[in-house]
Each structure stands twice: as structure tokens, then as C-alpha cells.
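This briefing covers a ligand site and a set of individual residues. The sequence and the structure come first, and the notes follow.

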Amino acid sequence: MARRAELDPGVQSANRLQLDLSGKVALVTGGTRGIGHDICRAFIDAGARVALCSRDGAAAEQTASAFGEGTRGYACDVGVAAQVEAFAKAVEKDFGQIDVLVNNAGFTKDTLLFLMTEADWDSVVDTNLKGTFLMTKYAARGMIKRRWGRVINITSVVGLNGNKGQSNYSASKAGVIGFTKSVAKELASRNVLVNAVAPGYIETELTRAITPEAKKYFQDNIPLGRLGQGSDIASAVLFLASDLASYITGQVLVVDGGMVM
Ligand code: NDP
């Protein structure tokens, strides 16, 4: 396919054209740094207007103003229903609609099972799983009415394979996969497509605490020979938001350099 695009510039420009998201409004949770920030950048470059949030309203506003006109930042903890409802309403009022929702906000609190407290469990499940449910519930209503929408949930390879010390995180991310498939079935008749992207090891603040030895282990075990970047995930999300993905729903797209296969 890449070879054909190289040989035939027409194929390449046709593909680029379909990745044009101008006229669309994307809501990205956790857009202030890491993968979410790179997803916002990719959407803005494709012509979309973007609403982003984090629990830190000042950081969200700062990030949005650095992106420039057409982007707005909001304070919202995705695990709190009242905040999510108010956030979705504010975005619809400010932008007129929400076409694409990216449930990216995520959080870890790693420890072994017998050391894990109820608070460790709840804080991770509330952001990663309940947050995905709440945001989808409040942001997808307009998509259903307009008969066009995309929901893209960021899960993790850990939700597929599990990981020592991450039972709360991997349960939340496996839950996101089940949620994605169920809601994809519910909303398909309204042309609202619901998919998940499962990153492998991506270099962000979330993974900064990992020891150099563990990092080397990952690197040595990734067939493509490098750690992932936020832009690798952003490209997959952009694809799923684009017209190129109009016959894809209920899927998990693993973006991990081949680490899990
Ligand atoms: P970062 O920690 O770099 O960024 C997380 C973002 O989410 C921040 O903007 C943060 O802002 C926001 N956030 C966290 N909790 C909440 C909340 N309750 N409500 C609203 N916003 C929140 O993480 P990454 O960029 O690495 O991760 C992004 C997503 O990708 C997550 O879902 C993560 O689980 C997933 N992922 C990451 C991998 C990696 O290797 N990095 C691998 C697999 C999956 P603030 O703290 O200000 O609220």
C-alpha cells in the first residue's frame, strides 16, 4: 500500500484529502500533555477545532491558547458525573457540536495486589473506566441526533495481557475494551463508530518513572526496535476519526511496535 502510494502520488493525495477533518469538532480528554497533547496537535493539523480538558483548568487553558485559535481548554475530572455533564454542555454551547470524542485521560496507581488499597483501585477505575463511560454518555447524544460520530477510547496492551503490579489499571483498560464493543453495537445504527486504540510503551510522563533497566527490557523486546511516541498513537486516532475508517467499529487497534502479538 505504501509502495503504491510512493509510485502513485494520486493515491497519496487522495488519502490526505480524506484525513481532512475541517468542520469537525473533537473533544480530547487529558489533552494537556503526553499522548492527548499529540492527539490534539494531529486533529488541529487536520483542520478540526478542538476542546481539551484536564483536572487542572489553568493548564488546560494554557495548552489551548498555545495551540491557538479554534482550541479551548476546560477543567474537568472525567470521573465525576456532574463535571462531565457540565463540560460536554459547555463544549456544545461554545463549538455548536461534538463530532469526535477521544477518551484519553488516564491514570496509574501501581502496586501489588496485597498492598493495593481501595482508594488505589477506585482512583484508577474512576478515571480510566468510569470516565470513559461518563464522557461517552454525555458527548455521544449529539452524535446520535446528527447521525455521525466517532468515539475513540485509549486502552492499553496491559488491558489485553495484564501486568504485575497493575491489576487496577489492567482491569480498567480491559473494561474499556468491553465498553467499546458494547457501545459500538448500540450506536452502529446511528452511524456512530466506537473503537479503541491500545498503545504499548509510549514515552510520556506516565512512563517516566520506569527504571532504565525496565526501559531497556522493553526496547529489546519491541520488534520495531524503538519505544513509541505520542505521535504514533495520534496517527492511529486520526485514522479512526477520518473517513478512511468509515467501515470500522468495535475494534481494538494495537499500536505497540509489535511488542504484543
Ligand atoms: P500522561 O500522564 O502524560 O497524561 C495524562 C493526561 O490525562 C493529562 O493531561 C492529565 O491531566 C489527564 N488526566 C488524568 N486524570 C484525569 C482525570 N481524572 N480527568 C481529566 N483528565 C485527567 O499520560 P499518557 O499521555 O501517557 O497517557 C494517555 C492515555 O494513554 C492514558 O489513558 C493511558 O492509560 C494510555 N496509555 C499510555 C501508555 C504509555 O506508555 N504512556 C501505554 C498505554 C496506554 P491532569 O493530571 O492535569 O488532570
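## Ligand site and selected residues

A polar side-chain atom of serine 54 lies 3.0 Å from an oxygen atom of the ligand. The model is predicted: local features need pLDDT of at least 70, side-chain atom pairs count only at pLDDT 80 or more, and totals for chains, interfaces and linings use all residues. Residues are numbered from 1 along each chain as its sequence is written, and side-chain values use heavy atoms, with hydrogens and water left out.

**Ligand contacts**

- The pair at serine 54 falls under the term polar contact, a pair of N or O atoms within 3.5 Å; within protein, one must be able to donate a hydrogen and the other to accept it, and residues adjacent in sequence count only if both atoms are side-chain atoms.
- Threonine 32 also places a polar side-chain atom 2.6 Å from an oxygen atom of the ligand.

**Surroundings of the ligand**

- How many residues surround the ligand? There are 29, and the closest are Thr32, Arg55, Asn104, Tyr169 and Thr204; a residue is near a molecule if one of its heavy atoms lies within 4 Å of it.
- By class, the shell has 10 nonpolar, 13 polar and six charged residues. Ala, Val, Leu, Ile, Met, Phe, Trp, Tyr, Cys and Pro count as nonpolar, Asp, Glu, Lys and Arg as charged, and the others, Gly among them, as polar.
- The ligand takes the space of the largest pocket. On a 1 Å grid over the protein atoms alone, a pocket is an open set of points where a 1.4 Å probe fits, with protein on both sides within 12 Å along at least five of seven lines. A molecule sits in a pocket if more than half of its atoms lie within 2 Å of its grid points.
- Helix 3 (34–45) and helix 8 (167–187) are the elements that give two or more residues to the shell around the ligand. Helices (H or I, at least four residues) and strands (E, at least two) are DSSP runs, numbered from the N terminus.

**Side chains that reach the backbone**

- Threonine 29 is found in strand 1 (residues 25–29). With a relative accessible area of 1%, threonine 29 is buried; buried means under 20% relative accessible area, exposed over 50%, and partly exposed in between (1.4 Å probe, protein chains only).
- The side chain of threonine 29 reaches two backbone nitrogens: that of asparagine 104 at 2.9 Å and that of alanine 105 at 2.9 Å.
- Asparagine 168 lies in helix 8 and is buried at a relative accessible area of 0%. The side chain of asparagine 168 reaches the backbone oxygen of aspartate 120 at 3.2 Å.

- Arginine 147 is not a glycine, yet has a positive phi of about 60°. Arginine 147 sits in the loop between helix 6 (118–146) and strand 5 (149–154) and, at 46% relative accessibility, counts as partly exposed.
- Asparagine 191 has a positive phi near 60° and is likewise a residue other than glycine. The place of asparagine 191 is the loop between helix 8 and strand 6 (192–199), where asparagine 191 counts as partly exposed at 32% relative accessibility.

**Separation along the chain and in space**

- Alanine 198, in strand 6, is buried at 0% relative accessibility. The C-alpha atoms of alanine 198 and serine 156 are separated by 4.1 Å, with the two residues 42 residues apart along the chain.
- Valine 91 lies in helix 5 (residues 81–95) and is buried, with a relative accessible area of 0%. Valine 91 and arginine 72 are 19 residues apart along the chain, and their C-alpha atoms are separated by 8.7 Å.
- Threonine 108 is found in the loop between strand 4 (100–103) and helix 6, partly exposed with a relative accessible area of 23%. From threonine 108 to aspartate 232 the C-alpha to C-alpha separation is 21 Å, over 124 residues in sequence.

Definitions and conventions. On a 1 Å grid over the protein atoms alone, a cavity is a set of points where a 1.4 Å probe fits but cannot get out, and a pocket is an open set with protein on both sides within 12 Å along at least five of seven lines; lining residues have an atom within 4 Å of a point.
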